[in-house]
Amino acid sequence: MNDGANRQAKNRSARERLQAERERQKKKDKRRRTLVVATAVVGVLGLAAVVGLIAANTGKDSAGGGPVTAPSGATGEDSLAIRTGSAEAPSTLVVWEDFRCPACKNFETMYKDTVHELEAKGLLKTDYHLVTLIDGNMGGSGSLKSANAAACAQDAGKFTEYHDVLFENQPPEPDDAYGKNAKLLELAGKVPGLDTAEFRACVEDGTHESWVGKSFEAFREGKFRGTPTVLLNGKDVMTEQITPQKMKEIVEAAAKGGGTKSASPASPASPAASGSPSAAGAPASPASKAKGSASSSRTASPSAPARGTGAQGAARE
């Protein structure tokens with residue numbers, strides 16, 4: 001009987017060790033999957049940036065003339081940024097985007113929920129700068145007109161909602177669907193309370209188009225290499241491989257006093273890529289200069305195409 005009891009005890013012990021080993025393996029596999037997903041998030045954006053990168057100084061400015069009318073609540077030097085989130089938030093995200101840019105859509109798809117969550121908690125404020133890079137590279141006026149419409153939505157207090165709708169419904173890069181005001185007004189119908197007579201007049205009249213043009217001048221003056229250009233407290237999200245989870249950790253740490261709360265002064269922006277014409281325009285804002293410094297490591301390969309579509313067009317816009 002003692003021998004039987006001993007065998008049973010040994011069998012139980014073996015089963016328990018096997019179960020414990022299986023649990024350890026499950027935890028190890030879960031950590032590996034998490035790492036793979038996090039790496040893929042940054043990798044998708046980083047690969048697009050490398051494959052489709054172009055010098056931001058190329059392309060024509062599609063904005064027309066006329067008085068520069070900043071949207072309601074615009075902030076920063078020359079009022080060229082649209083801010084979301086609390087002005088008192090300890091962390092700052094600076095985003096340069098083009099509504100026709102596929103890589104910008106990739107960024108928004110991957111990071112949007114995290115950004116909204118941190119803003120809702122009062123931990124993060126985001127300064128959006130709208131540019132028209134794709135209009136110059138691909139032709140058309142969709143970058144300009146969609147940026148103007150987004151600025152009109154800011155006047156109505158609906159920027160965030162309309163901004164997200166524009167990226168969620170982004171047409172293929174070569175398709176200049178956003179160059180038609182009718183399309184932009186149609187999408188406004190997806191944002192409750194936005195499709196008003198005032199909003200329609202703002203869109204149709206191109207009220208903020210010259211403001212968008214000035215924003216693009218600051219983008220070129222800042223020697224940025226492409227869109228999206230995204231900085232979190234002065235650090236380039238792409239080159240620093242800051243995943244959405246890492247972004248959350250950095251912002252939460254800053255709120256507790258354990259991280260940098262604001263971008264430190266940046267060194268002068270590096271020269272534009274070889275062969276790129278120098279940009280003329282309004283002086284870049286301090287945020288612009290910081291971005292130029294952070295993104296200067298993204299240098300266009302001499303063999304990289306100046307234009308592209310699909311995945312190749314993604315982060316170069």
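Predicted model: local features only at pLDDT ≥ 70, side-chain atom pairs only at ≥ 80, totals over all residues.
User: Which residues line the largest cavity, and what makes them lining residues?

Analyst: Lining residues have an atom within 4 Å of a point of the cavity. The residues that line the largest cavity are T84, H116, E119, Y128, F159, T160 and H163. Helix 2 (102–120) and helix 5 are the elements that give two or more residues to this lining. Helix 5 supplies the largest share, three residues.

User: How is the lining of the largest cavity divided by class?

Analyst: Four residues of the lining are polar, two are nonpolar and one is charged. Glu counts as charged, and Phe and Tyr count as nonpolar.

User: Why are the buried residues of helix 7 said to line one face?

Analyst: Helix 7 (residues 197–205) has F199, C202 and V203 as its buried residues. Seen down the helix axis, these buried residues fall within an arc of 95°, so they line one face of helix 7. An α-helix has 3.6 residues a turn, so residues three or four places apart point the same way.

User: What lies on the face of helix 7 turned away from its buried side, and what covers the buried residues?

Analyst: The face turned away carries A197, E198 and D205, which are exposed, the cut-off for that term being over 50% relative accessible area. The cover over the buried residues of helix 7 includes helix 4 (142–155), helix 5 (159–168) and helix 6 (181–188). After helix 7 comes G206, with a positive phi near 60°.

User: How do you know that strand 4 pairs with strand 2 and with strand 5?

Analyst: Two strands pair if there are at least two bridges between them. Strand 2 (residues 91–97) and strand 4 run antiparallel and are joined by four bridges, with W96 opposite T229. Strand 5 (residues 235–236) and strand 4 have two bridges, also antiparallel, and L231 stands opposite D236.

User: What separates strand 4 from strand 5 in the hairpin, and where do the residues of strand 4 point?

Analyst: Two residues lie between the strands of the hairpin, and N233 in the turn has a positive phi of about 50°. In strand 4 (residues 229–232), T229 and L231 point one way, V230 and L232 the other way, and all are buried.

Definitions and conventions:
Residues numbered from 1 in each chain as written. Heavy atoms only, no water. Buried < 20%, exposed > 50% of the residue type's maximum accessible area, 1.4 Å probe, protein only. Arc of directions from axis to C-beta. Contact = heavy atoms within 4.5 Å. 1 Å grid on protein atoms, 1.4 Å probe; cavity = no way out; pocket = protein on both sides within 12 Å on 5 of 7 lines; lining within 4 Å.
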